[in-house]
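Visitor: I would like to learn how to read a model of this kind. Please take me through some features one at a time.

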Amino acid sequence: MATQELKEICCDSGGTSRNPDGLELLPVHNQESVDDVCCGPPAGPASSEHERPGYDLCPFVESFKQTPVGAVPKVKTALTPGDRFNTFKVRLGLNRDQYKVAPGLYCLGDATETSPVLVTANYKLTFDNLRKELSGLAVWILVLDTRGINVWCAAGKKTFSTQEVIQRVKQTRLGEVVRHKKLILPQLSATGVSAKLVHRGCDFKVIWGPIRATDIKAFLQSDMRAERDMRMVTFTLPERLVLIPVELYFLRKYLLWILLASFFLSGIGTDLFSIQMAWRRGLIIFTGCLLGILAGAVAAPLLLPWLPLRAFALKGLITGLVLAITMLLGLGHMVDLIESITLILLIVTISSYLAMNFTGSTPYTSPSGVEKEMRVAIPIQAGAMLLVPIGWVAASFIF
Amino acid sequence: MEKFRYLDNVTTLELDQAACTGCGTCADVCPHHVFEVTQHKASIADRDGCMECGACATNCPVTAISVNPGVGCAAYIIQTWFKGKKQASCGGPGCC
C-alpha cells in the first residue's frame, strides 16, 4: 500500500484502522516522516530503547550496564525536585506505605567486578538517602524487599533479615557479577541479620558499614574502617523534627470525633441542651484538646533532652501542664473552678499519652522500659480521661 | 548518647562471659556502645544505655548474649488487659 494511502487512513481515523483486508492496522512509527506529518504538530520523541512492555522506567535510572547476569540499572546520585517533594510528602505521612523501589541489583558510577556491594532497603526514602551520598563512587547497590520499610524498622520486623539477604544475593546472581565475596550492610540492620548465617547461606561475608549514609564515603576510603562516632546512633533536633508531622497526620481521623464530642458535651446543662453553651464551651474544650496534642506530639519531642524526668509520660505531663496553665491564664473568668480542673486534666492527659507514644519513634528507648512506664501510666491516663467528660458536663450544672 | 538516658534497670540484656570469645562483634554492631572488649572478653560497660535492639544477640557467634524485649506498644498492652495475652495483637501492617 502506498505511503500516501496509509497516511490518509491513519489520519482520518486517529491512528488505527482496518485496511481493505479487514485486518487491524498498527500505528506506523516511521522515523523519516516525523517532520513531514500530514496534520497537527510534529510527533513527540521516540520511546527510550530501555523501555519494556509492562514496565515503567524509573526517573532515577540513567542507563543500563551490561553484566554477566544481564542489564543492571545504573542510578543517578543527584536527587530531583520530584524526589525531594516526595520525601516531603512521605515525611507528612502521605502515601508512605507505597513509596518503594523494586528489589534487586542496581549500580552507581562505573561499577566493576571488584566494586563494593552496598545492601539497603527498598523504601525509596532510604534508597534516595543512600544514593545521594555516593557521588564519585563506583558501587553495586543490592536492594532488599523490606516491603517499603526503612532499614532499622525492617530489621526489627525481620523483613531486613538473614533470609532476605541470602535470597536476594542468590536471586540476583550477585556471585557472577562481583569477584569478591563481601557485602556491606548498614549497621542498624544487625538487629535482623546474622552475619554468620548469611555467610553460611550464600558464601558472602558481611561487613558492617556505618550507621549513617553520610559516613559511607569516608568508610570506604579508609578501607572499611569505622570511626567510633560512625557506630553510634544520634537523635539531634533536626532528626526529632522530621518525625513530628507523621504523628500529627495519624491523629487526623480523631479530630472530627473530638470536635463533635466537644460541642455535644458542652451543650448539656440545666436547659437540657443549649446551642450557645455548646458553641462557647465547645470551642474552649476543643482548644484544650489541640493544646494537649501540641504539648505531647510537638513540644515534648522537640524539647526531649531538656525536659526533666526519664519517663516520656512524665515529660508529656510537664509540657502539658505548662500549656494548660498558660491557657487558663488566658481564659481567666471564662471558666469556673471545675472547668479549670477538667481542662488541666484533659490537656495533661492527652499530652502525657502522646509523649509516651513517641517512645516508638526514638532510637534509644527500650521496649522493656516502655512497657514498664505504660503499665503505670495508661491506667492513670484512662482514669483521667473518664473524669474529663464527667467534670465538663457537671460544671454546667453546678455553678 | 549522653544527653538521652531512658529508664534504669529495665534492660533484659544478659552476657555469658564464660562463653565469650572476645571477637568484638557485639561492640561493632551496638548502636549505643554498650559493650567494651578488653583482654579477649566483652563486658557490659553501659547497661542502662541498652535499648534492646538485639543486634548483639543476633550476631554473637557463640550465642553468649541474650535479649528479650517486650513489645513496647501501647495498643498491644491495652489489648492484653481486655483480651489476654493470647488474643492481643499489634496494630496491623501500617502500625510500626
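Visitor: Which residues in H14(A) meet which residues in H3(B)?

Guide: First, some conventions. This is a predicted model, in which local features need pLDDT of at least 70, side-chain atom pairs count only at pLDDT 80 or more, and totals for chains, interfaces and linings use all residues. Residues are numbered from 1 along each chain as its sequence is written, while chains are lettered from A and ligands numbered from 1 in the order in which they are written. Helices (H or I, at least four residues) and strands (E, at least two) are DSSP runs, numbered from the N terminus. Two residues are in contact if their C-beta atoms, placed from the backbone, lie within 7 Å. In this case Glu371(A), Met374(A), Arg375(A) and Ile378(A) of H14(A) meet Ala74(B), Ile77(B) and Ile78(B) of H3(B).

Visitor: What kinds of residue take part in the contact of H14(A) with H3(B), by class?

Guide: Ala, Val, Leu, Ile, Met, Phe, Trp, Tyr, Cys and Pro count as nonpolar, Asp, Glu, Lys and Arg as charged, and the others, Gly among them, as polar. This contact has five nonpolar, no polar and two charged residues. As for spacing, an α-helix has 3.6 residues a turn, so residues three or four places apart point the same way.

Visitor: At what angle do H14(A) and H3(B) pack?

Guide: Axes are lines fitted to C-alpha atoms, for helices over the stretch in contact, and angles run from 0 to 180 degrees between N-to-C directions. Here the angle is about 60° and the axes are 11 Å apart. Angles under 35 degrees count as roughly parallel, over 145 as roughly antiparallel, 65 to 115 as roughly perpendicular and the rest as oblique. H14(A) and H3(B) are therefore oblique to each other. A crossing is left-handed if the near helix is turned anticlockwise from the far one by less than a right angle, and right-handed if clockwise. H14(A) passes H3(B) in a right-handed crossing.

Visitor: Where do the axes of H13(A) and H14(A) come, and at what angle do they cross?

Guide: Their axes come within 8 Å and cross at roughly 155°. H13(A) and H14(A) are therefore roughly antiparallel to each other. Their crossing is left-handed, and by class their contact has 16 nonpolar, five polar and two charged residues.

Visitor: How many residues of chain A are in contact with chain B?

Guide: 37 residues of chain A are in contact with 33 residues of chain B. On the chain A side, helix H6 (195-202), helix H13 (337-357) and helix H14 (367-398) each supply at least two residues. The largest share, ten residues, comes from H14(A). By class, the side of chain A that touches chain B divides into 18 nonpolar, eleven polar and eight charged residues.

Visitor: What is the pattern of chain B along the sequence?

Guide: Chain B has three helices and four strands, and along the sequence they follow the pattern β-α-β-β-α-β-α.

Visitor: Is Leu105(A) buried or exposed?

Guide: A residue is buried if 20 or more other C-beta atoms lie within 10 Å of its own, exposed if 12 or fewer, and partly exposed in between; C-beta atoms are placed from the backbone. Leu105(A) counts as buried because it has 23 C-beta neighbours inside 10 Å. Leu105(A) lies in strand E3 (residues 104-108) of chain A. Leaving aside neighbours within four places in sequence, its contacts include Val72(A), Trp140(A) and Leu174(A).

Visitor: Which residues of H3(A) are buried?

Guide: They are Lys124(A), Thr126(A), Phe127(A), Asp128(A), Leu130(A) and Arg131(A). Six of the eight residues of this helix (residues 124-131) are buried, so H3(A) is largely enclosed by the rest of the structure.

Visitor: What is the phi of Asn95(A)?

Guide: Most residues other than glycine have a negative phi. Phi of Asn95(A) is near 60°, a positive value. Asn95(A) is exposed, with 10 other C-beta atoms within 10 Å. Arg147(A), also not a glycine, has a positive phi of about 60°.

Visitor: Where does pLDDT stay under 50 in chain A?

Guide: pLDDT is the predictor's confidence in each residue, from 0 to 100. It stays under 50 over residues 9-18 of chain A. Where pLDDT is low, the predicted coordinates should not be read in detail. The mean pLDDT of chain A is 91, and 90% of its residues reach 70 or more.
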